[in-house]
Amino acid sequence: MAVLGREALVECDIIVTQGADNAYAFRYSTRSGDTTTPVDLTGWSARAQLRRTWGGELWLSAPDQAAITLTSTGDVVLAIDAATTEDPAWNGRSKIVDGEPQARGVWDLELINPDGRVTRLVQGTVTVSPDVTREA
């Protein structure tokens, strides 16, 4: 039996560095033969969420107005600022095994075109790298 479709256009695991400004950049484009053309994202919107598990505890919800930048050259940037991850709730979102942070969450980012069609651009796991330095 054949399987058609895919869960997301890109699989990408991310590391969220707690207490730092984090930015994750992607480019949405189309391909025809050997030609790749960025998609003009003017008028589009986007949303992303980070969770403990699919449908589980919500760690972060990012509508495009707050944390996602879309450009006319197909660039998509998700930004998670240091103040967000300094929240004490993030302290329990990391897991260290043999001195290394381990994936403990999942995430995805969806693009919505002006007609309302949704494309899941990227999805993957989330690893939170805990910080040592804290504001006094």
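**View 1. Ile68 sits across from Leu78 of strand E9.** This residue pair belongs to a stretch where E8 and strand E9 (residues 75–80) run antiparallel, joined by three bridges. Strands here are DSSP runs of E with at least two residues, numbered from the N terminus, and two of them count as paired if DSSP finds at least two bridges between them. Keep in mind that this is a predicted model: local features need pLDDT of at least 70, side-chain atom pairs count only at pLDDT 80 or more, and totals for chains, interfaces and linings use all residues. Residues are numbered from 1 along each chain as its sequence is written, and side-chain values use heavy atoms, with hydrogens and water left out.

**View 2. Three strands make an open sheet in the order E3-E9-E8.** The pairing is antiparallel. Strand E3 (22–27) and strand E8 (68–70) are at the edges with a single partner strand each, so one side of each has no neighbour in the sheet. On average, neighbouring strands of this sheet are turned by 15° against each other, direction ignored; the axes are lines fitted to C-alpha atoms.

**View 3. Strand E2 (residues 14–17) has one covered face and one uncovered face.** Ile14 and Val16 are on the covered face, while Ile15 and Thr17 are on the uncovered one. In a regular strand, side chains alternate between the two faces of the sheet. E2 pairs with strand E13 (residues 118–129) in the parallel sense, over four bridges. Thr17 has Ser129 as its bridge partner in E13.

**View 4. Asp131 lies in the segment after E13.** Leaving aside residues up to four places away in sequence, Asp131 touches Gln18, Gly19 and Glu86, where contact means heavy atoms within 4.5 Å.

**View 5. Phe26 and Trp107 form a tilted ring pair.** Their ring centres are 6.1 Å apart and their planes are at 35°. Rings of Phe, Tyr and Trp (its six-membered ring) pair if their centres lie within 6.5 Å; planes under 30 degrees apart are stacked, over 60 edge-to-face, and the rest tilted. Phe26 is in strand E3 and Trp107 in strand E12 (residues 103–112), 81 residues apart. Both Phe26 and Trp107 are buried. A search of the whole structure finds three aromatic pairs.

Definitions and conventions. Axes fitted to C-alpha atoms, helices over the stretch in contact; angles between N-to-C directions. Buried < 20%, exposed > 50% of the residue type's maximum accessible area, 1.4 Å probe, protein only.
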